[in-house]
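This report goes through a few residues one at a time. Please look at the sequence and the structure first.

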Amino acid sequence: MISTSQFLNTERLTLRSFVQVDASRLAQLAGNRNISDTMISVPHPYSTEQASSAITGFLGDFATRRGFHYAMALRSDTDNFVGYIALKDIDWEHRQTELSFWLDSGHTGRGYVTEAGRAMLVLAFEGLELNRVCAYHMRRNPASGKVLNRLGFAREGCLRQRVMKWNKFEDACVWAKLRQDPR
């Protein structure tokens, strides 16, 4: 088993653990209506206090190996992260986890989430020796489905009215990648 790290590097990105000084930037980026609109569990507005509490939870998850939440940053500017990616809600008994991600709209279309996702899959399957990684996205957000498809996930179905967003029930698509699937 590969040990987990607070930093993962890809060709263009550094994935690093959040620290409390990231709270205002996390609130600013994740609280953007365009981000929170398509994320199942990101509120809007998103206060600095909520972000600080989330970061405390991220660090607790890291310490207890329940999840690995990373600030996604360009290697040229690791302080000003541009997105979030995580393996969360790790179920050690059944060797599975959920991949979650979002990216600031000013950085979309450059393959950053796909690049970060590949690093997270290496962490999941080689580092943590998990068997299954699943991911969800709202049906009305097909861009996330395209990322998951590029990462080799298989679409398993759609959960009708799975979540409530803006006081309206939304369908969520579920995807998964297994350890045995081609990489």
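## Leu178

Leu178 has a relative accessibility of 25% and therefore counts as partly exposed; that term covers values between buried, under 20% relative accessible area, and exposed, over 50%, with a 1.4 Å probe and protein chains only. The model is predicted: local features need pLDDT of at least 70, side-chain atom pairs count only at pLDDT 80 or more, and totals for chains, interfaces and linings use all residues. Residues are numbered from 1 along each chain as its sequence is written, and side-chain values use heavy atoms, with hydrogens and water left out.

Leu178 belongs to strand β8, which covers residues 168–178. Strands (E, at least two residues) and helices (H or I, at least four) are DSSP runs, numbered from the N terminus. Setting aside residues up to four places away in sequence, Leu178 touches Phe125, Asn131 and Arg132; contact means heavy atoms within 4.5 Å. Leu159 is 19 residues from Leu178 along the chain, and the C-alpha atoms of the two are separated by 20 Å.

## Ala71

Is Ala71 buried or exposed? Its relative accessibility is 0%, so Ala71 counts as buried. The residue sits in strand β3, made up of residues 68–74.

Which residues is Ala71 in contact with, leaving aside its neighbours within four places in sequence? They are Thr14, Leu15, Arg16, Phe18, Phe81 and Gly83. For Ala71 and Leu148, 77 residues apart along the chain, the separation of the C-alpha atoms is 19 Å.

## A cis peptide bond

His44 and Pro45 are joined by a cis peptide bond, with omega at about -5°. Pro45 is placed in the loop between α2 (33–38) and α3 (48–64).

## Positive phi values

Two residues are described here. Gln161 is not a glycine, yet its phi is positive, at about 50°. This residue is found in strand β7, residues 154–165. With a relative accessible area of 51%, Gln161 is exposed.

Asn167 is likewise a residue other than glycine with a positive phi, near 65°. Where does Asn167 lie? Its place is the loop between β7 and β8. Asn167 has a relative accessible area of 74%, so it is exposed.
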